[in-house]
Amino acid sequence: MGEQTGRAFVLCGPTAVGKDTVLKELLKKIDKVWLSISATTRHPRPGEVDGKDYYFVDEKHFLELVTNGEMLEWAKVHGHYYGTPRPPVTQALASGQDVILEIDLGGARQVRKSLPQAVQIFLAPPSWEELKKRLRGRGTEDAAEQKIRLATAKTELAAQDEFDYVVINDAVANATSKILHIINNCEYNKAVHS
Ligand code: 5GP
């Protein structure tokens with residue numbers, strides 16, 4: 001690995017655990033980290049902005065990016081494609097910029113191969129009941145979609161031991177400060193795995 005490269009962090013966690021909220025808080029407290037913007041084929045939720053929250057693309061365009069090797073990782077999550085465009089991440093790291101990827105479990109596993117130096121953080125709910133409550137509470141998915149997301153969440157929670165760090169999102173401020181601590185203090189280059 002070159003000497004001037006930035007550090008890469010992965011944030012993964014089940015649906016509705018609060019990844020977006022925690023990341024938003026985190027980015028207010030730390031300006032040296034750039035949050036990668038994913039591409040997705042799902043439709044924007046109210047308030048989401050193309051090029052800011054996601055690049056909203058159609059399936060044809062998404063699969064072209066995959067075929068052309070322009071995705072660092074990608075996955076089909078809850079019936080839609082999601083992926084991390086490779087060039088901005090590569091450029092950021094090469095210029096010494098730290099990067100966070102907010103991705104699903106399948107993506108995190110790919111990044112373990114394609115970017116093995118990335119520090120992988122899993123955001124977990126305080127309990128299964130609380131996760132269900134948060135998902136119902138946000139009201140952005142209908143009952144059928146909630147069922148699909150909870151089934152995925154079971155698999156994700158079962159895989160948390162694969163991660164370098166597990167942070168419980170009991171309260172946004174707590175989870176944010178724990179992740180901040182990891183970013184500021186973690187041993188990079190996988191010392192955490194030894
Ligand atoms: P949402 O539709 O709620 O924004 O995201 C659904 C899931 O897709 C979340 O688990 C999120 O982490 C994951 N996701 C978002 N962007 C990416 C990406 O670029 N790659 C992968 N593999 N998963 C992503």
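What percentage of the 194 residues in the chain do buried residues make up, and which residues of the largest nonpolar core have the most contacts inside it?

Modeller: This is a predicted model, in which local features need pLDDT of at least 70 and side-chain atom pairs count only at pLDDT 80 or more, while totals for chains, interfaces and linings use all residues. Residues are numbered from 1 along each chain as its sequence is written, and side-chain values use heavy atoms, with hydrogens and water left out.

Buried residues, meaning those under 20% relative accessible area with a 1.4 Å probe and protein chains only, make up 46% of the 194 residues in the chain. The chain folds into seven helices and nine strands, which are DSSP runs numbered from the N terminus (helices H or I, at least four residues; strands E, at least two). Its radius of gyration is 16 Å, close to the 16 Å that the globule rule gives for 194 residues, so the chain is as compact as a globular protein of that length; the radius is taken over C-alpha atoms, and the rule is 2.2 Å times the number of residues to the power 0.38. Along the principal axes, the C-alpha atoms fill a box of roughly 50 × 40 × 30 Å. Of the contacts (heavy atoms within 4.5 Å) between residues at least 6 apart in sequence, 70% join residues at least 24 apart.

Now to the part you asked about. A nonpolar core is a set of buried Ala, Val, Leu, Ile, Met, Phe, Trp, Tyr and Cys residues joined through side-chain atoms within 4.5 Å. The largest one has 24 residues, and those with the most contacts inside it are Leu26, Ile100, Ile121, Leu123, Ile179 and Ile183. At least two residues of this core come from each of strand 1 (8-12), helix 1 (19-29), strand 8 (119-124), helix 5 (128-138), helix 6 (143-158) and helix 7 (172-185). Helix 7 contributes the most to this core, with five residues. Leaving out residues up to four places away in sequence, Ile183 touches Arg7, Phe9, Leu26, Ile30, Lys32, Val33 and Ile100. Apart from this core lies another, of 20 residues, which include Val10, Val89, Val99 and Phe163. In soluble globular proteins, nonpolar side chains tend to be buried together.

Apart from neighbours within four places in sequence, Glu141 is in contact with Arg45, Leu135, Gln146 and Arg149.

Technical notes: Buried means under 20% relative accessible area, exposed over 50%, partly exposed in between (1.4 Å probe, protein chains only).
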